[in-house]
Amino acid sequence: MGTAVPNCVYVDAMLGWLARILRILFGASVVYSPDAEDAELVETECLVVTRDEELFSRRKGPTILLKTDDHVKWVSVFLHLGMRPFEKSVCPLCGGELEEVDCGEAEAAVGHKIRSEKCWRCARCGKYYWVGSHWRRLRRLVEEAKAVAPCSG
C-alpha cells in the first residue's frame, strides 16, 4: 500500500483499542462496529484494518493486516502512512467533534478536580476530555512507534 493518508478507516471487531487510538491521535474518521459483517468490510472503499487473514485475502481495496499484538507497531503503520499525531482529535468513543470548554464546566460534569489547562466536550455524545496522564502515555507510544519499522508487524 502507498503512503496516502486515508479519508476513512473501517476497523474490524477485534480492534476496538485501535479505533479509539486512531480517533485520539489522528482525528481519523473511524467506523468501528463489532456487529459489522465481513461482506460490508469487503466492499467498502475505506481503508480496512483487520487481523482476519480471510477478510484480508478477500479485500480488493486498501487493507492493512495486523499480525501482531504490539500496539507500538500498530501505531507505526499509521505514522508511515503519513498520518500526523496530535494535530486533531475526535471523541474516542463516538468520533464526534470536540469543542473546547471551560475546565470548570468539565469538573462540574465529572465530579472531580481536573488539573489541565484545556478541556473539551464531545458535541455528539457529551463526554468530557482533558490533558491528563493518558496524554503522557500517548506521547510515549508515538515516540516509540516513530522508532519502529512499520512492516515488522
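The secondary structure of the predicted model consists of six helices and seven strands, where helices (H or I, at least four residues) and strands (E, at least two) are DSSP runs numbered from the N terminus. Along the sequence, the elements follow the pattern β-α-β-α-β-α-β-α-β-α-β-β-α. Residues are numbered from 1 along each chain as its sequence is written. Because the model is predicted, local features need pLDDT of at least 70 and side-chain atom pairs count only at pLDDT 80 or more, while totals for chains, interfaces and linings use all residues; side-chain values use heavy atoms, with hydrogens and water left out.

Along the principal axes, the C-alpha atoms fill a box of roughly 50 × 35 × 25 Å. Of the 153 residues, 42% are buried (buried means under 20% relative accessible area, exposed over 50%, and partly exposed in between, with a 1.4 Å probe and protein chains only). Among the contacts with a separation of 6 or more, 54% join residues 24 or more positions apart, contact meaning heavy atoms within 4.5 Å.

Helix 1 (16-26) is mostly covered, with nine of its eleven residues buried. These buried residues are Gly-16, Leu-18, Ala-19, Ile-21, Leu-22, Arg-23, Ile-24, Leu-25 and Phe-26. Their cover includes strand 1, strand 2, strand 3, helix 4 and helix 6. Just after helix 1, Gly-27 has a positive phi of about 65°.

The largest nonpolar core has 29 residues, of which Leu-18, Leu-22, Phe-26, Val-49, Ile-64, Val-75 and Phe-78 touch the most other members. Such a core is a set of buried Ala, Val, Leu, Ile, Met, Phe, Trp, Tyr and Cys residues joined through side-chain atoms within 4.5 Å. At least two residues of this core come from each of strand 1 (9-11), helix 1, strand 3 (47-50), helix 4 (71-80) and helix 6. Helix 1 supplies the largest share, seven residues. Leu-18, in helix 1, counts as buried because its relative accessibility is 0%. Apart from neighbours within four places in sequence, Leu-18 is in contact with Val-49, Leu-66, Trp-74 and Phe-78. The C-alpha atoms of Leu-18 and Arg-51 are separated by 12 Å, with the two residues 33 apart along the chain.

The largest pocket holds about 470 Å³ of space. On a 1 Å grid over the protein atoms alone, a pocket is an open set of points where a 1.4 Å probe fits, with protein on both sides within 12 Å along at least five of seven lines, and lining residues have an atom within 4 Å of a point. Grid points are joined across faces, edges and corners, and the volume is the space filled by probe spheres set on the points. The pocket is lined by 19 residues, and Ile-24, Ser-89, His-134, Trp-135 and Leu-138 are the closest to its centre. Helix 1 and helix 6 (133-146) are the elements that give two or more residues to the lining, and helix 6 gives the most, with six. By class, the lining has 13 nonpolar, two polar and four charged residues (Ala, Val, Leu, Ile, Met, Phe, Trp, Tyr, Cys and Pro count as nonpolar, Asp, Glu, Lys and Arg as charged, and the others, Gly among them, as polar).

Three further residues were examined individually. Tyr-32, in strand 2 (residues 30-32), is partly exposed, with a relative accessible area of 29%. Leaving aside neighbours within four places in sequence, the contacts of Tyr-32 are Val-11, Asp-12, Ala-13, Leu-15, Gly-16, Ala-19 and Arg-23. Tyr-32 lies 9.8 Å from Gly-95, C-alpha to C-alpha, at 63 residues apart in sequence. Phe-86, in the loop between helix 4 and strand 5 (98-101), has a positive phi of about 70° although it is not a glycine. The relative accessible area of Phe-86 is 25%, so Phe-86 is partly exposed. Ala-123 is in the loop between strand 6 (119-122) and strand 7 (128-130) and is partly exposed at 43% relative accessibility. Beyond its neighbours within four places in sequence, Ala-123 is in contact with Glu-97 and Glu-99. Ala-123 and Thr-68 are 55 residues apart in sequence, with a C-alpha to C-alpha distance of 34 Å.
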